[in-house]
Protein chains: 2
Amino acid sequence: MPEKWLPPIYWDGDAVMILDQRVLPHRERTLRCTNPNQVISAISTMAIRGAPAIGVAGAMALALGARNLSTSDPKTFKRKFSALCEKVKRARPTGRNLSWAVERVCAVLGENPNATVAELEANIRGMADTILNKDIVDNQAIGSYGRKIIPRGARILTYCNAGALATADYGTALGVIRAAYDVDPSIQVYSCETRPFLQGCRLTVYELMRAGIPVTLITDNSVGSLMCQKKVDVVVVGADRIAANGDTANKIGTYMIAVLAHHHKIPFYIAAPRSTIDPTISDGEAIPIEQRDPREVTHFHGRPVAPGGAQALNPAFDVTPHSLITGIITEKGLVNKPYSKAIRKVLED
Amino acid sequence: MPEKWLPPIYWDGDAVMILDQRVLPHRERTLRCTNPNQVISAISTMAIRGAPAIGVAGAMALALGARNLSTSDPKTFKRKFSALCEKVKRARPTGRNLSWAVERVCAVLGENPNATVAELEANIRGMADTILNKDIVDNQAIGSYGRKIIPRGARILTYCNAGALATADYGTALGVIRAAYDVDPSIQVYSCETRPFLQGCRLTVYELMRAGIPVTLITDNSVGSLMCQKKVDVVVVGADRIAANGDTANKIGTYMIAVLAHHHKIPFYIAAPRSTIDPTISDGEAIPIEQRDPREVTHFHGRPVAPGGAQALNPAFDVTPHSLITGIITEKGLVNKPYSKAIRKVLED
C-alpha cells in the first residue's frame, strides 16, 4: 500500500483532481478534470462516489464550469450557469448532498445581483472551496459526537464505504470509527463487501488497514449469522438522503442490515452531515432510487459471470424506515427519536 | 446455451463422470474420475456441490474404491473399505447427505457377512446406483408435494442452487419450482447470486433459463428491499443438514433471508429429502459449520479484489432456527410444526 494518502478530490491549480475509486485498491489513478462534463462523468460512472464526496465534486464541477462560459455579460452568465447547475444535479439522483451543494453554489447568483462575471466566478469558486473544507470539519465533528455511542472494545459492523473516500476526507461512519479508535484501540470492525460494486471490500478495508484499525471482511450474506453469534455490538453506516421523518436512503443492503440489527437487538446508527437531510421530502417513499446497469451484477471486471441474456436487477440504494434507526449522528450532535421534531431542530442550529 | 442437458454426476462404464460446476455456465467441462481420491477432491473443491449431489458422489466414490482395494480376502477388504468410508465422509463436513450415503453403503458390509469380495463389490455398486436413482425419484416427489404450497402466479425467491445440479437430477427447491411451473406458467423466480461462490448467479439462473422458467438475478443484499416492496410471495430453499428439532443448516445467507421473511410475514420453506435429516443432532448448535478459504472472498477468478493481506471470514453455511421455518417439504410430504414430533414421524414412514 502506498505511503501517501491521496484525498478523493482536490484542486491542482485550476483542474479538479479525482482519485478513480473504480480501480482501488490495486491501482492509484487520478483523473484530471478541466471541464465540468468530465466531473459529471466521474460522478455517474462512480469514479467518485459517496454522497458527501459527490456533493463536493458537484460544487467543484460548477466552479470549473463558471470559468468556461465565454461571456462577460452577467445575465448570459447566469442563464448558462443555471443550465449547468441543472445538468450537474442530474449526474446521480439519490444522494441529497449533490443537489444541496448545487443549490448552495447556485445561490451565489441571487446573493450577488450586481456582480461582474469575474466576481461571480470568484464567489462560485469560493463557495466550492467552502463546501470542500466544511465537509472535512463536519466529519471530524461527527466523529467526536459519534465516538460516544461506541461501547468500549466494540465490534462494529459497517457497510459500503462511508469513509474518507466517500467524503472530502475523514469520513462519516468511518469518521466515527476513527474517532472511537483514537480513544480505544481495542475496537474491531467488520466490513461487508457490498455487492455489486464492492466498496466495502475494496475501499473500507483499504482505508481501515491504512489507519491501522483491525478490520475483517465478510460477505453481505454473513451479517445475520455474525449477529446471531453475538459478534456485533453496534452498526454504523452512512447515508445518501435522509427524509424529514428520518427515513434514510443508503447503499442497497442497508435496509437488510437494519432489519437484522432490530431482530438481534443491536443498535443501528446513521452517520451523516446535515447536508444529507432533505427537509422537502416527508418520508422515504418519495426518495428517488437510482437503478443502475444490470451488467454491474451479471459481469465482473468486464467478464460475464451470469449466463448470457440473464435478467438482473441493480437498484443502487434502499430505504431504511426511521423506526429501525437508533440515532442519526450529525456534525451538530446525535439526533434521536422522535425524528421529525429533532431533524427540524438540528437543521435550525 | 448447449442443447443437451448434462447431469451433474453419472457413470461412464466404470468411471464416475462429474460436471465441473466451478466453470459453469460458460464452460461445460466433465471430470473423469477413475479412483475415489479424484471424487473426494471434486467434492472438497466444489466441482460438485449441493448436499444431495455430494451424497451421491460419496456413494459412487465408494463403489469406485471398492474395485481398487487389491485383495481377495473379505476381512482385509472390509478393513480397507471402512477406512475409505471415513476418508470420503470427511470430504465436506456440513452436509448430512454425504455421511448418510457413506453409512448406507458401508452397511452393505454388515448385511453380507459371508460374501466374497466380488459379491461385496457388486452389492456396493448396487447400493450406489440405488442412492443415485432414488435421489431423482425423491426430488420428483418433493416437487409434487411442494408445488401445493406455491400460490398461483407466485413470485418465488430461492437461494444458492438447490436444483438438478445440486442433486442427481431435478432438484429440491428447484424441483418444487419446476413442478409448480408445470401447472402454472405464470410463476416467476428471484435468484440471489449467493456470494462468494455465486451458485445462484451461475447455476440457478442457468438451470431456470434452460427450463424456460422466468428468473431474475439479484444481489444477496437486495432481498430485504425486494420483500419490503412486496415483490416476494414465498421463499423456497434447500438444506445441507436438518437437526432433529428442525433447525436447518444451509448456504451462508439462508438465515438472513429467513429473518427477513419473518419480518415481512412471507412463508419460508425448506425443500430436502429425508437423507438431509440428522436425527442424531438435537439442534442446530451441534451442526459442524465448514469454514472455507478466505481467498474465495478476497479474490475473484484468482485475481485479488480486497487489499493484499486483508483478513476475511468465509463460513460456508449458517443455521436457521426451526421457529423461522414455515414447513419442510420432503419426499414423504410436508413436515409441519411442531418439528421434533413431525420429523420423528416422517423418518419412520
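Predicted model: local features only at pLDDT ≥ 70, side-chain atom pairs only at ≥ 80, totals over all residues.
Residues are numbered from 1 along each chain as its sequence is written, and chains are lettered from A in the order in which they are written.

**Exercise 1. Work out the strand order of the open sheet in chain B, and find its edge strands.**

Step 1. The order is E11-E8-E9-E15, with mixed pairing. Strands are DSSP runs of E, at least two residues, and helices are runs of H or I, at least four residues. Two strands pair if DSSP finds at least two bridges between them.

Step 2. The edge strands of chain B are E11 (277-278) and E15 (317-320), and each pairs on one side only.

Step 3. E8 (residues 241-243) and E11 of chain B run parallel, joined by 2 bridges. B:Ile242 has B:Ile277 of E11 as its bridge partner.

**Exercise 2. Describe how chain A meets chain B.**

Step 1. Count the residues: 53 of chain A are in contact with 53 of chain B. Contact means heavy atoms within 4.5 Å.

Step 2. Find the salt bridges: there are 2 across the interface of chain A and chain B. A salt bridge puts a side-chain nitrogen of Lys or Arg within 4 Å of a carboxyl oxygen of Asp or Glu. The side chains of A:Arg195 and B:Glu193 form a salt bridge, at 2.6 Å from N to O.

Step 3. Pick the top contributor: H9 of chain A gives the most to the side of chain A that touches chain B, with 6 residues.

How values were computed: Heavy atoms only, no water.
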